[in-house]
Amino acid sequence: MALRRLAVVTLALTVTGTLSPVASAQAAPSSAQPTSTASTASTDADPHAVLVRFRSGVSAPKRAAALTRRAARVDAPVRGTGWVKVRAAGPATDLLAALRTDPSVAAASLDHRRHTAAVPNDPAMAGDQFPPLNVLRLPKAWDYVKSSAGQVIAVVDTGVNLTHEDLAGRLVPGFNAIDPAAQPVDDNGHGSMVAGVAAADTDNGKGIAGVAWGGRIMPVKAVGADGSGSDSDIIEGIVWAADHGATVINLSLVGPDDNPALHEAITYATGRGAVVVAAAGNEGTGVAQYPAAYPEVIAVGATDGGGNLTDFSSYGDWLDLVVPGLKIHSTGLDQSYPVVDGTSFSAALVSGVAALVRTKYPDFTPARVRERLTMTARDSGPRGLDPYYGYGVVDSFRAVGSTGTSLPFPQPDMYPSEPNDVPARATPVAPIETWGRINTGGDVDWYRFDVAARRGTTLSLRPTDYSALSHNPDLAMTLYDADLRRIAAADATGRSGTEQLTATVDAGRHYVAVRNDNGSHSSAYWLKLTDAAAGTAPPAGEQVWVRDVSPADFALDQPVTLRPTVTFTRPVAPGSVTGNTVQLLDGRGRYHVDANLTVTGNVVTIVPKELLFDNNPYRIVVDGVTDTAGVTQSDPFTTTFKTRDLPPGPLSSFSVIGTYRGVHVRLGVLPRVIDYDRTIVRMATGTTPPSSPTSGTEVPSNGYVGNLTPGTTYSFSAWVRDKAGNLSKVSTARAAGTATTIASSPTSLVHGTAQVTVTGRLTRTDTGAAIAFTSVQLHARPKGATSFTYLGSATSTSTGALTYPGLRPDASTEYKWVYRGSNDETTGQAYIGAASQLKLVSVAPYLSAKLSRTSFALGGTVTLSGTVTPGHPSQTIYLQRSIGGVWKDVATGKLTSTSAYAFTVKPAARGTYWYRVRKPADSDHLEARSPARSFTVS
């Protein structure tokens, strides 16, 4: 039986060795641990700038216009490349989205920030300090967060060595709750060790690296030199720390007794914004330890370097997280660097990580910090949330922002005799000696043997060896009769001891249950059955409630269609079988799975109303069922299983919506995937979609893809990926490229003399088929202008034909059809919009001409006058005379402000004369001539 500490609050530590102080001259890191490596991407980016590469051939004015429209400007070129850095006052993400839709932009990206990979130069990090910190993926977390100077970790403990070389620079004013007039000086060593683990001076070339790089330590002495302290002093220390700016409070203190005053201090501190972290204790039992068991506290247990729980780590449903608690490097009294074991230092590691999380997310409440740590933890031990590992091993890299995945620690191999988790699967006891193994926390091994007549029986249970890695079992066994009623039990010797029981048993089958009273894994043992002197058989005791369960405990790869069953040793009252007494729980967060329960005799079947999630842990809990004799179950039964890791289902309605030279990607309905990672969308030109997630070009999922080449068909593929890397079946979509022809009748005219009809045809470029009954816009601009004006739209006929009649251009005009893209409502086919070529309709001004008289005597004059429509004030016009059938310019003039003209002619000889007026062509009009007019001179 494990030794249990009572009443007095004690410290959770074991000192296993001491490092000598290491001078800075000895601090050169080994070649295996460089101080920096290649850059690692971060999620940071310049909040107001993006990088842009314009399309080849885009003029400087067009580039400037693209930026001016978005209230942006070029900040600087990226030297040696074709990219420029563009800055705006608004969010960079909005600017990025806008520029990606601009036809002049070839590519755009946020200006991400990257950081060198961090390995501090503290000497211990080049040696044995690195492995336990690497279990937390702490070096990767430091790539994200290196400066936690704004975080204050209060160490409510035995005080702190205020002059230690690796602590002195990190201290803020503290408090001595035992003697408020004294300094919080450490007279035990425990508080100094806790402080160093959490926040020793990192990257200073001395000693060890504290988890909270740059974090501050608030020493609060509430525990005496003997390692014990009263609740009243501890409460004062907690409240003082909360009132004086502590953002994290570390409590490496344990005791089995609840105290409402202590709980009030905890809730006060969290209400003041402090994250409270506490050691689970080194009792190696399931007895709740306080303050760790309070719901506001992050309770931390201890593992080895492989994520396996140690034999000394306390456990229970109140446990939240585990981290290494073996061979932890710390700071001690004098200038020493002890190497220690215990959940005290596991808690200190998590306090440091909590400070990193608060640095990264300064607005997080204590509850959100707790959620961040638990939801990003790596599963270990039994799958899912469990009493031995809580949510799992802290993953500091993901906790401070990494979006990548981290694999869970493997579940221990169930060799050799599993599943023998329930009496129905009990394995026979071997004739001489049976070898077995407790594989993980909560594992129970069942054995059976038969006797022909009443006899004495001795059962011996001994561990195979002693583990120096704190994985020694505290074995226990219980003997049952054929009806699974308790006969005798043995649980007396503690860790690594041999258990033995002797009892007289009647003829028939008997069962033996072997368990481990602590949470250590892979604890091998020998079970031996021998004869003994017969005596009086003891009376049968409490009966085991559950004989069988399906699936077996710790079972993996179960189907998502599973209907678990529980078989009781006795008939149960159907009315007592409810969702509260027989529960199927999600193993990640313990929410109830909605299910129907059917009772047939002593078998209960759990029928989930929906398919279970794949690759997900589940837990069956049976507690409080009543049998038909009115006896109510008082000892809860639990078992776990995990569903098969299936590829995610495909997207059910993946599609793209055509726009002008682009598409909107729509994922539709995501499948039910509890470990969803991301959706990958790839694009390729042509009618063949990408065949794999690495072919084609990746485009945003559920976003806009712009700047597509006009007239080109694009095909899209989408895959759903889970956190294990499994891919769904592919979903595909296609956006057909389109083409629009354009023509006009007439192609040239004199102003005001005719109307223009613009025609065309809208088709698919991949098949040439018409796109019918679709709206297409007509745009126009005067020849020589830079911007178009929307005139109106036409709807394509069944053959794709387009007609827009009744146009009366004032000047030579360029027309184009603009198809904005659309989706066929019947087929869902997306069409990418594009513009037609330009069609020029040339316009000549209309020149009127009027003679003041048509005949007169020699010596008289005549005036040829008129106007130019549309007006061209101040422009030069020419008077022409037909001489020998050839028109020749004979005079020039300027149009008036009303575009009128008048030429006066005085002929020098008798005869008939022909005159007209010519206006030369300009930027937006053809050359124009007035009608010829004649007069006679007598």
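Predicted model: local features only at pLDDT ≥ 70, side-chain atom pairs only at ≥ 80, totals over all residues.

Reader: Is threonine 434 buried or exposed, given its relative accessible area?

Author: Threonine 434 is found in strand β18, which spans residues 434-438. Its relative accessible area is 7%, and the cut-off for burial is under 20%. Because 7% falls under that limit, threonine 434 counts as buried.

Reader: Which residue has its backbone nitrogen 2.7 Å from a polar atom of the threonine 434 side chain?

Author: A polar contact requires N or O atoms within 3.5 Å, and here the separation is 2.7 Å between a polar atom of the threonine 434 side chain and a backbone nitrogen. That nitrogen belongs to alanine 430.

Reader: Turning to charged residues, with which residue does lysine 85 form a salt bridge, and which network holds the pair?

Author: Side chains of opposite charge can pair when their charged atoms come close. For lysine 85 and aspartate 46 the closest N and O atoms are 3.8 Å apart, and the pair links distant parts of the chain, with lysine 85 in strand β5 (residues 84-88) and aspartate 46 in strand β3 (residues 36-54), 39 residues apart. Both lysine 85 and aspartate 46 are buried.

Reader: How many residues apart in sequence are the parts tied together by aspartate 102 and arginine 69?

Author: Aspartate 102 forms a salt bridge with arginine 69, the closest N and O atoms being 2.8 Å apart. Aspartate 102 lies in the loop between α2 (92-100) and β6 (105-118), and arginine 69 in the loop between α1 (60-68) and β4 (72-77), so the parts they tie together are separated in sequence by 33 residues.

Reader: What relative accessible area does aspartate 102 have, and what is the value for arginine 69?

Author: Aspartate 102 is buried, with a relative accessible area of 3%. Arginine 69, in contrast, counts as exposed, because its relative accessibility is 57%.

Reader: Which strands are joined by the salt bridge of arginine 509 and aspartate 450?

Author: The two side chains meet at 2.9 Å, N to O. Arginine 509 counts as partly exposed at 32% relative accessibility, and aspartate 450 is also partly exposed, at 47%. The pair ties together parts 59 residues apart in sequence, because arginine 509 lies in strand β24 and aspartate 450 in strand β19.

Notes. Residues numbered from 1 in each chain as written. Heavy atoms only, no water. Helix = DSSP H or I, 4+ residues; strand = E, 2+ residues; numbered from the N terminus. Buried < 20%, exposed > 50% of the residue type's maximum accessible area, 1.4 Å probe, protein only. Polar contact = N/O pair within 3.5 Å; in protein donor to acceptor, adjacent residues only side chain to side chain. Salt bridge = Lys/Arg side-chain N within 4 Å of Asp/Glu carboxyl O.
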